[in-house]
Amino acid sequence: MRSDAGWISCADATIRAEFLDSLGEAELLALPYLFDFWALPHQLPPKGAWRTWVILGGRGAGKTRAGAEWVRGQVEGAMPLDPGRGKRVALVGETYDQVRDVMIFGDSGILACSPPDRRPKWKAGERKLIWPNGAEAVAFSAHEPEALRGPQFDTAWVDELAKWRKGEDAWDMLQFALRLGDDPRVCVTTTPRRGGVLGRVLGAPSTVRTHAPTEANRGHLAASFLEEVRARYAGTRLGRQELDGEMLEDVDGALWTHDMLENARVAKAPELDRIVVAVDPSVSGHATGDACGIVVAGVVMDGPPQMWRAYVLADATVQGTGPAGWARAAVAAVRDYGADRLVAEVNQGGKLVEEVLRQVDPLVPYRAVHASRGKSARAEPVAALYEQGRVRHVGDLAGLEDQMCLMTPEGFSGQGSPDRVDALVWAMHELMIAPAARFSSPRIRSL
């Protein structure tokens, strides 16, 4: 039987019917579970000697299915009770819930992929899968690296390694645990993301990789999903990462790098003394026009302004909504975060910016700001705050960070306008730069 099902899908109905008619009853029943027959090229493990196989793919590229089927291929023997190559398996995800809900019980998880006579049983109390042939798999959370100290395995499946907060520690503990059998191996399924342990794993000589964009698995994805995400993210760095599955490199001379921003990330902000919403209004209401950058940030005013620390709380940027739409989004951000002030650049919109905002909320605490220098010149002092470790990002701000890493002293190297970065710059100016300038003024110091 051929290992590529593409010839069947491309053949006419007569050939497909002839092929299926040539199979016996047992072959027809087994066919859905023969993954080598149905798999896309990036879902099949490379040949040769390797310790780690990394599957880099965009969202929906079939990574989870590939990981689940690889585990099946390791633990199953020729017959349901025959032993396979793997007998002790570690299943490691960002959290235990993700291991259970995605890797084990998910639509493309191990249980969904397994034929009835080889399907393992889940023992929730022990966080363990047990196959009819005696093979076992244990679920682990990357948030608890020490849980991997002690157990030992011959096989491991690691999911979304690039997202792990304690990736270095969890990966190292797993490597020490992979010590059973003659050839312990690990399969890593992940959407790429700079920073963390993934780069080190990819650089190891014992690592092999396969790669595929989201489009590679389009036959199993909703057409409306593909149309929407391509229209919104095509050509952006975020799209290249999340849809094309590319491992992005930093732009030479960029004011921010991915590693810098990853090191600035925190899970939660402390109690803040002041919060602002900053807006870089869009003069276009078209869906393909510039977005309206909306960024929410706060500050802890501990000591003189030169010691204050800022926290970027949210990126509420909108696109294609028209003035009324972005005004509603900005005012909603003020209300949602209890902001003390809304600041907006008015170089292009002038008084219209305030008028639109007042139509949504006549009492919104508003301040207009004017840009007298270019975008890069305004951004450099803000980048310096990051270099000093005085700005933190709360949670995932991928769209904003995508633009930040394309800002250089010579300008923005991405497509369109850096709307999100502009909003961030105005927020940091209001919270950090302007107060420090006032404090350093001799007139102010004398008061």
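At 24% relative accessibility, Glu 262 counts as partly exposed, where buried means under 20% relative accessible area, exposed over 50% and partly exposed in between, with a 1.4 Å probe and protein chains only. Its salt-bridge partner is Arg 265, with the closest N and O atoms 3.2 Å apart, and Arg 265 itself is buried at 12% relative accessibility. The model is a predicted one, in which local features need pLDDT of at least 70 and side-chain atom pairs count only at pLDDT 80 or more, whereas totals for chains, interfaces and linings use all residues. Residues are numbered from 1 along each chain as its sequence is written, and side-chain values use heavy atoms, with hydrogens and water left out.

A salt bridge is taken here as a side-chain nitrogen of Lys or Arg within 4 Å of a carboxyl oxygen of Asp or Glu, and by this rule the count comes to 26. In one of them, Asp 172 pairs with Arg 200, the closest N and O atoms being 3.0 Å apart. Because Asp 172 lies in helix α8 (residues 167-177) and Arg 200 in helix α9 (residues 198-203), this pair ties together parts that are 28 residues apart in sequence; helices (H or I, at least four residues) and strands (E, at least two) are DSSP runs, numbered from the N terminus. Asp 172 is partly exposed at 27%, and Arg 200 is likewise partly exposed at 41%. A network of salt bridges also links Arg 65, Glu 69, Arg 72, Glu 76, Asp 117 and Arg 118.

A further salt bridge, with a closest N and O distance of 3.6 Å, joins Asp 361 to Arg 335. This pair links distant parts of the chain, with Asp 361 in the loop between α14 and β14 and Arg 335 in helix α13, 26 residues apart. Asp 361 is buried, with a relative accessible area of 17%, while Arg 335 is exposed, with 54%.

In helix α14 (residues 351-360), the residues Val 353, Val 356 and Leu 357 are buried. They lie on the same side of α14, because they cover an arc of only 95° around the axis, the arc being that of the directions from the helix axis to the C-beta atoms. An α-helix has 3.6 residues a turn, so residues three or four places apart point the same way. The face of α14 turned away from its buried side carries the exposed residues Lys 351 and Gln 359. The cover over the buried residues of α14 includes α13 (322-337), β13 (341-345) and β14 (366-369), contact meaning heavy atoms within 4.5 Å.

The largest nonpolar core has 34 residues, of which Trp 256, Val 312, Tyr 386, Met 404, Leu 424, Met 428 and Met 432 touch the most other members. A nonpolar core is a set of buried Ala, Val, Leu, Ile, Met, Phe, Trp, Tyr and Cys residues joined through side-chain atoms within 4.5 Å. Helix α17 gives the most to this core, with 9 residues. Apart from it lies another core, of 28 residues, among them Ala 314, Trp 326, Val 353 and Val 356.

With a disulfide defined as a pair of cysteine sulfur atoms within 2.5 Å, the count comes to 0. Cys 113 is in no disulfide, the nearest cysteine sulfur, that of Cys 187, being 12 Å away. Cys 113 is buried, with a relative accessible area of 5%, and Cys 187 is buried at 0%.
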